[in-house]
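Here are some notes for a first look at this model. Please keep the structure open while reading.

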Amino acid sequence: MQSGGKSMIKARRFGKAELKSVDRAREAAEEMISSFYVLAPREWERVNYEVRTLEELSPEEICDRALAQVLCYDCVKRIGASTVERHDLYRICLQDDRILRASDRIDSGRLALEPLLLYVLTHELVHIVRFSQHLQRLDLAPEFRSQEELSVEQTTRQILAPAADRALQRVIATFANG
Ligand SMILES: [Zn+2]
């Protein structure tokens with residue numbers, strides 16, 4: 001529950017330049033993930049996902065404990081009474097304000113923002129690929145979640161290792177310590 005005072009403070013949001021960083025990081029993350037999992041373009045197309053930033057999030061998609069979260073929606077296309085298509089849609093909900101704060105902590109010159117976005121998006125996409133390939137259940141019991149987080153995190157680092165320049169190494173090191 002949100003206190004009255006808290007909702008009065010407007011959360012920081014990505015501006016134009018930052019949104020461009022989101023696009024670039026997303027492209028780079030997609031490329032690395034699909035080659036890591038050796039996904040054919042057709043398989044990749046079946047992974048329905050979208051990236052949303054704070055401005056586009058509904059109140060229940062906003063979380064104050066993580067930099068991002070993935071939500072799964074059941075999409076149904078209907079014509080009249082019959083279902084013509086049904087698929088899962090994964091939505092990566094980026095929490096702009098938390099990401100900006102984390103980026104400031106790593107480097108106040110904001111050089112960390114794009115590598116941080118790359119790290120966050122890669123991590124969330126690993127979750128999505130694991131769900132969509134049924135390597136992991138969506139309704140994972142709470143006692144197994146931290147183990148799953150650990151494997152996702154290890155995979156994320158493995159994927160990013162070849163691309164890790166100094167800025168990205170710094171981001172990874174920051175999160176390695178919690
Ligand atoms: Zn995670």
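1. Start with the contacts of Ser 34. Beyond its neighbours within four places in sequence, Ser 34 is in contact with Leu 39 and Trp 44. Bear in mind that this is a predicted model.

2. Ser 34 belongs to helix H2, which covers residues 16-36. Its side chain reaches the backbone oxygen of Glu 31 at 3.3 Å.

3. Is Ser 34 buried or exposed? Its relative accessible area is 18%. Buried means under 20%, so Ser 34 is buried.

4. Ser 34 and Leu 116 are 82 residues apart in sequence. In space, their C-alpha atoms are 19 Å apart.

5. Now the metal site. Which protein atoms are the donors of the zinc ion? They are NE2 of His 123, NE2 of His 127 and two OE atoms of Glu 149. These donors lie 2.1 to 2.4 Å from the zinc ion. Along the chain, their spacing reads H-x3-H-x21-E.

6. His 123 sits in helix H5 (residues 113-132). Glu 149 sits in helix H6 (residues 142-160). The pair therefore ties together parts that are 26 residues apart in sequence.

7. Why is the arrangement around the zinc ion irregular? The 4 donor atoms subtend angles of 54 to 138°. Four donors count as tetrahedral if all angles lie between 85 and 135 degrees. The angles make this arrangement irregular.

8. His 123 counts as buried, at 10% relative accessibility. Glu 149, at 36%, counts as partly exposed.

How values were computed
Residues are numbered from 1 along each chain as its sequence is written. This is a predicted model: local features need pLDDT of at least 70, side-chain atom pairs count only at pLDDT 80 or more; totals for chains, interfaces and linings use all residues. Side-chain values use heavy atoms; hydrogens and water are left out. Helices (H or I, at least four residues) and strands (E, at least two) are DSSP runs, numbered from the N terminus. Buried means under 20% relative accessible area, exposed over 50%, partly exposed in between (1.4 Å probe, protein chains only). Contact means heavy atoms within 4.5 Å. A polar contact is a pair of N or O atoms within 3.5 Å; within protein, one must be able to donate a hydrogen and the other to accept it, and residues adjacent in sequence count only if both atoms are side-chain atoms. Donors are N, O and S atoms within 2.8 Å of the metal (3.2 Å for Na, K and Ca); water is not among the atoms, so sites may look incomplete. Four donors count as tetrahedral if all angles lie between 85 and 135 degrees; four count as square planar and six as octahedral if opposite donors are over 155 degrees apart and all others between 65 and 115; anything else is irregular.
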